[in-house]
Amino acid sequence: MTETHNIVIKIGSTLVANSDRLTPRFGFMQRLLEDIARMRERGINVILCSSGAVALGLRTVGETPDSAGVSDKQAAAACGMPTLLNAYKQVGHEYDMDIAQVLLTLGDFEDHRRFLNTRNTVNRLLEAGVVPIVNENDSITTEEIRVGDNDRLAAKVAQMVDAKDFIILTEVNGLYDRHPDEPGAELVREVQDVAPYMEATKGKSTLGTGGMTTKLMAANIAQEAGVTTYIAHGEVDQPISTVIDGKRDCSRFPAHDAPNTGWKRWLANRLQMAGSLKVEDDVADALESGERSIMRSDILSIDGDFSRGDVLHIYDTHGTERARGLSDFSSEELRVLAVNPHLDAEQLLGYKTKGEIVRAKNLVFLERRHLLWDAPEGVDQVA
Ligand SMILES: Nc1ncnc2c1ncn2[C@@H]1O[C@H](COP(=O)(O)OP(=O)(O)O)[C@@H](O)[C@H]1O
Ligand SMILES: N[C@@H](CCC(=O)OP(=O)(O)O)C(=O)O
């Protein structure tokens with residue numbers, strides 16, 4: 001048996017839901033859970049992130065993938081979620097596997113306290129030998145507070161549990177250099193940098209959300225968190241072990257060097273940012289030491305409405321993002337400090353403060369540009 005580690009598997013809607021009848025695909029689930037059982041025997045913990053709730057609930061609310069609007073899909077998710085989990089539960093019994101449902105949304109990743117709390121829950125489930133099945137809580141999330149697609153959601157889960165590998169199972173063999181239906185399209189087997197491929201990722205399946213675009217965003221999020229990512233076809237025997245053991249064609253996105261603490265990885269890797277600060281170039285350069293805080297006098301401008309504890313972009317005077325950091329002040333307080341540069345901070349704010357706006361321990365210097373993978377246009381809605 002090898003050393004225990006975590007892997008996160010993301011399952012697309014088309015794999016778990018029959019696209020004509022919108023019913024569970026038990027055959028696929030059987031092959032999947034059988035392989036998960038095999039992984040567990042090898043000492044590997046598996047966290048599943050499964051789509052399919054909307055697709056499996058559409059018929060109940062009298063809709064189809066083409067006719068359904070946002071509120072129909074939210075209602076469909078509420079109907080389809082028990083169907084999805086019940087299907088996994090039934091199949092899980094065959095392999096002596098307990099499953100559990102974890103429903104998340106954007107704030108569970110972007111708020112550090114909730115991030116840690118969710119991680120504790122997932123770790124406790126793994127400790128109990130249970131397979132967590134994660135999905136977004138689609139029925140209750142509004143546009144501003146949802147991740148919007150399970151590709152990026154699963155990537156954040158991979159970051160959360162310090163996964164070694166993250167596998168996105170879908171209905172194509174991986175990333176192609178152009179749409180797979182175009183003549184001459186070729187599979188890209190190794191991808192260090194997703195950016196040059198973003199243009200070649202238009203279109204998705206009938207049941208899917210985000211298509212290859214959000215899969216590449218997800219791959220990048222996971223890479224930046226130090227997790228190796230694979231995109232592979234799900235419709236094969238042993239869909240996971242054949243990827244892990246390098247036994248079939250797929251796209252691999254090797255892990256990048258990531259900050260060495262969970263806290264710094266959390267600061268660096270984000271789906272949403274609350275605002276930004278611009279500082280002098282020499283201040284930005286000095287942040288690399290890891291010992292320099294951003295003081296009140298360093299700030300050239302403030303952008304956005306944010307609260308104490310929100311994470312901000314730190315730009316230099318050329319508009320290059322140089323760091324990310326957690327603000328000890330709200331934007332309102334910072335603006336009060338900025339317009340009264342000669343007045344004492346304590347006097348202005350009415351409480352005792354050293355005037356450190358972003359403390360060194362709450363700053364992460366960006367070695368290279370970290371992309372902000374907010375939902376692309378048209379994806380920021382449920383399913
Ligand atoms: N360059 C590309 N390489 C591979 N697939 C692509 C590409 N561009 C678009 N796609 C489409 O992405 C789809 C997979 O995404 P999606 O439908 O969201 O699946 P899932 O439901 O598994 O998340 C495929 O149907 C494929 O046609
Ligand atoms: N949360 C939604 C799925 C959203 C989603 O990303 O779908 P997919 O592109 O099929 O993985 C559901 O359970 O139906």
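Trainee: How many bridges join β2 to β4?
Mentor: In this predicted model, 2 bridges join β2 to β4, and the strands run parallel. Strands here are DSSP runs of E, at least two residues, and helices are runs of H or I, at least four, numbered from the N terminus. Two strands pair if DSSP finds at least two bridges between them.

Trainee: Which residue is the partner of leucine 48 in β4?
Mentor: Isoleucine 133 is the bridge partner of leucine 48.

Trainee: And what about β1, how many bridges join it to β2?
Mentor: β1 (residues 5-11) is joined to β2 by 7 bridges, again parallel. Histidine 5, for one, has isoleucine 44 in β2 as its bridge partner.

Trainee: Is β2 mostly covered or mostly open?
Mentor: Mostly covered, as 7 of its 7 residues are buried. Buried means that 20 or more other C-beta atoms lie within 10 Å of the residue's own; exposed is 12 or fewer, partly exposed is in between, and the C-beta atoms are placed from the backbone.

Trainee: Which residues sit on which side?
Mentor: Ile44, Val46, Leu48 and Ser50 are on one side, with Asn45, Ile47 and Cys49 on the other. In a regular strand the side chains alternate between the two faces of the sheet.

Trainee: What do the buried residues of α2 pack against?
Mentor: Those buried residues, among them Phe28, Leu32 and Ile36, pack against α1 (13-16), β2 (44-50), α4 (70-94), β4 (130-136) and α9 (241-244). Contact means that two C-beta atoms, placed from the backbone, lie within 7 Å. Just after α2, glycine 43 takes a positive phi of about 85 degrees.

Trainee: Switching topic: which residues does UniProt list for "binding site"?
Mentor: An unreviewed UniProt entry lists Ser51, Asp138 and Asn150. Although they are spread over 100 residues of sequence, they cluster in space, with a largest C-alpha distance of 10.6 Å. UniProt positions are in the numbering used here, feature names are shortened, and annotations may be inferred rather than shown by experiment.

Trainee: Where does asparagine 150 lie, and what does it touch?
Mentor: Asparagine 150 lies in helix α7. It touches Lys10, Cys49, Ser51, Asn135 and Glu136, not counting residues up to four places away in sequence.

Trainee: Last one: which residues are closest to ligand 2?
Mentor: Ser13, Ser51, Ala53, Val54 and Asn150 are the closest of the 18 residues that surround ligand 2; near means a C-beta atom, placed from the backbone, within 6 Å. The largest share of that shell, 3 residues, comes from α3.

Trainee: Anything on the numbering and the cut-offs?
Mentor: Residues are numbered from 1 along each chain as its sequence is written, while chains are lettered from A and ligands numbered from 1 in the order in which they are written. As for the predicted model, local features need pLDDT of at least 70, side-chain atom pairs count only at pLDDT 80 or more, and totals for chains, interfaces and linings use all residues.
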